[in-house]
Amino acid sequence: HDPCACSGDPNDCAQVNWDVDDLSHFYMPGYNWYRAHEDLDLEVVALDLNKFMDGWNMTAKAHELKFSDCQWTPCAAACFGNADARADQAFDLF
C-alpha cells in the first residue's frame, strides 16, 4: 500500500527517489520535475497530471475532470485535493 495519494508529502510516496546516483531505483525526485542532460542535448520533464485521467471523455468539461482512481483510496477527498494541487504545481513549472 502506497500512501502517496493520501499524502501531501512526496517523501511518503513509494516511487519517489531523490538520489540520482541510486541505480537500484529509478530517479523521481517529486511529483513534478525536470532535469537537463546537457551531454545528450535532452531534457526530461515529469508532470503529475493524474487530475486529467478522465480527459478521454470528450463530453466532460475541464472543471469536471478528476483523478477517478481516488475512489479506490481510503482518503478520496484528500486524494482529489492532492491531485488538483499536483496538477497546479505541474503547470507552475511552465
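**Note on the predicted model**

1. Asp84 is partly exposed, with a relative accessible area of 30% (buried is under 20%, exposed over 50%, partly exposed in between, with a 1.4 Å probe and protein chains only). This is a predicted model, in which local features need pLDDT of at least 70 and side-chain atom pairs count only at pLDDT 80 or more, while totals for chains, interfaces and linings use all residues. Residues are numbered from 1 along each chain as its sequence is written, and side-chain values use heavy atoms, with hydrogens and water left out.

2. The structure has one salt bridge (a side-chain nitrogen of Lys or Arg within 4 Å of a carboxyl oxygen of Asp or Glu). The side chains of Asp84 and Lys51 form a salt bridge at 3.8 Å, N to O. Asp84 lies in helix α1 and Lys51 in the loop between β2 and α1, so the pair ties together parts 33 residues apart in sequence. Helices (H or I, at least four residues) and strands (E, at least two) are DSSP runs, numbered from the N terminus. Lys51 counts as buried, at 17% relative accessibility.

3. Where is Asp41 placed? Asp41 is in the loop between β1 (33-37) and β2 (42-46). The phi of Asp41 is near 55 degrees, a positive value in a residue other than glycine. Most residues other than glycine have a negative phi. Asp41 is exposed, with a relative accessible area of 75%.
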